[in-house]
Amino acid sequence: MNAARTDTGKRPPKQAPAVEDALAALAAGRSVRQEFPGGRLHIDRPLPFLCVHVGDPDHHAVAREIAAAHASYLLVAKVEDAVAIIPPLADALRERFGTFVLLDVDELQRDRLLSEDAPFLQPFEVKLSATDGTSATAAMMAFAGAVEAFKARFRTPRVECRKAADDPCVRAPLLALQLPLLTLRFAPIHRSPGSDAIYPELRDRIVDNFLDAGLQAFTTFLAEEGLPKPATHRALGRKAFIDAVERADRGMDEVASSFDFLLAVTPINASAAWQEFKADRYDRPPRFLYRPLALLVEREKRRLYSIALDRLEDPVLHQLYREKQQELDLQLTLIGHREKTRFVEFGRALYGPVEPSLRAVALDVLDRTRGARRMPSLAQDDRETVDCAFVEDRARAMMSAYHRRYDGFDAKIELRDDVPAGLMVSGRRLLISRRTRMMRHRVDALLSHEVGVHLLTYFNGSAQGLRVFRTGLAGYEGMQEGLAVFAEFLAGGFTSERLRLLAARVIGCELMLSGASFVEAFRAMTDEHGLDAETAFGLLLRVYRGGGLAKDAIYLRGLLTLLSHLKAGAALDPFWMGKISAAHFGVMEELGARGLLKPPILRPLCLDTDRGRERLARARAGLSPLAMLEP
């Protein structure tokens, strides 16, 4: 390997120990992260490119963020520092890959195209240049094409491309290195004209868009140089979590673990409240009692917003954690307003309204399943009815089957007196009410729901290296419940009574959100939609808990979203990686392609049966919720 030469033809002086350490790490295939006055060198794995930003750390901060978002970058205060560091790195990486390219990113001094009296927002300048050579030119054009395709909500880019030799923005010392070089300069549209104020949303959009364009440019350059093309250009992004990400993840998890949202807003006197409501001939709303709160909401919010998200460097992870931070804030707000008038509005903000299309599906289901009534309460010795002990035994058997496949599946079972009849999951725990009684043929289906989806994604998420994937990304609950209901179908225990209940929950949420009282909603459920009194009460207890929670509309909504997803031919695996929403499907695919996430360790057992595979194939061909009832 020949050492890089300066333009005087002499070899550069012996490298500083920091550079030598970096070269040794690269030779061993390890990551590099070195801090020095005014800058940082970060290479999370050997790559044939380097993104560079030159300048004061407090100046042109967005260009610095763009550079730092890459998997391989150099931040320096002076161009002389860059010239001392880059050549040995370039030599080592070029020897490894056969090629190497630099991307120099910075901001223009001002936004020349913006005038204060314009009746519309003008375009903004983006200047690109490349050194001679087919590969660099193709990379520049790929960058330009990506920039021109920006989804510009505010202003559109005006891209100018030229040769590096003709570009006044090119840094001569970098050009003198005689390496393939791309230069990017863009107008500071993220700054308010005439001030140092920043538009945060626009800043984040710029960082993500220019990062994406840079990765497309690198992919094109490497393809032109004859290197294998990755499955997606985003695969050239980060494949390692930096310490700042892990600290933020731990902090977020500590706040999330400080409370159990659903337990906090779920009544502990369900049975007594039902007896009281029945004794009052269904004319007076029941009185619900709740667990004393073991947390101080204001303190947890202070902890939540003390978590630093401005140093994560990865725009995708930054967005995920910011969304989660906002969701936890809203959950804490709800807990703080439990049994208060505004609880219902905060719940609407968290779970959304009942949209007309969802209401229409729910009403259609209720109308077409009118003959599906809940069976009357059966005698204790009825062979078709099982109690909590039977459910516990079946749950332990299913958990053991998952544990044999992955010893990290370490779930716990708790029999509880303070939860309504049925099952629910809290973290790694399956909570079974001692009052649970159900039909025998429904047990495996409900365990496929609770154990095969909720617990499975908890432990798969735990294996990802970041706790947020087990706690759940923001908005994950809708898809989780859609998957869980679908698992009931795969297991062969999805009944018309169950579908009818999911549809009735949607209508119950709509009634509550529209201002109906508990008694009014109860009468609508029994008189208009044909639910028996006990089923209607149990449904509305969930809907009116805490003061009115619209969560239960997400079951049918999530199922419809999942069925559309499958009909479109999309994969299921990203949903098993952890607890995610439908909106995060693409994000999970990208993080998987970048190597930041592992394939799911476990998949639901119901997918391993002939019945499960056949039913999945039916869903991929197109299936409505009502068609799921067909044999």
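Phe459 is buried, with a relative accessible area of 2%, where buried means under 20%, exposed over 50% and partly exposed in between (1.4 Å probe, protein chains only). The structure is a predicted model, in which local features need pLDDT of at least 70 and side-chain atom pairs count only at pLDDT 80 or more, while totals for chains, interfaces and linings use all residues. Residues are numbered from 1 along each chain as its sequence is written, and side-chain values use heavy atoms, with hydrogens and water left out.

- Strand E3 spans residues 49–54, and six of its six residues are buried; helices (H or I, at least four residues) and strands (E, at least two) are DSSP runs, numbered from the N terminus.
- Phe49, Cys51 and His53 point one way from E3, whereas Leu50, Val52 and Val54 point the other way.
- In a regular strand, side chains alternate between the two faces of the sheet.
- E3 runs parallel to strand E5 (residues 101–107), to which four bridges join it; two strands pair if DSSP finds at least two bridges between them.
- The bridge partner of Phe49 in E5 is Val101.
- Four bridges also join E3 to the parallel strand E4 (residues 72–76), where Leu75 stands opposite His53.
- E3, helix H2 (residues 61–68) and E4 make a right-handed β-α-β unit, right-handed meaning that, with the strands pointing away from the viewer, the path from the first strand over the helix to the second runs clockwise.

**Arg171**

- Arg171 lies in the loop between strand E7 (157–163) and helix H5 (172–175).
- Arg171 counts as buried because its relative accessibility is 18%.
- Leaving aside neighbours within four places in sequence, Arg171 is in contact (heavy atoms within 4.5 Å) with Val54, Val79, Asp104, Asp106 and Arg185.

**Aromatic pairs and charges over rings**

- Rings of Phe, Tyr and Trp (its six-membered ring) pair if their centres lie within 6.5 Å, with planes under 30 degrees apart counted as stacked, over 60 as edge-to-face and the rest as tilted; the count comes to 20 aromatic pairs.
- Tyr402 and Phe409 have ring centres 5.2 Å apart and planes at 25°, so the pair is stacked.
- Tyr458 and Phe459 form an edge-to-face pair, 5.1 Å centre to centre with 85° between the planes.
- Ring pairs link Trp274, Phe277, Tyr282, Phe288, Phe518, Phe522, Phe537 and Tyr544 into a cluster.
- The charged end of Arg440 sits over the ring of Phe390, 5.0 Å from its centre; the criterion is NZ of Lys or CZ of Arg within 6 Å of the ring centre and within 35 degrees of the ring normal.
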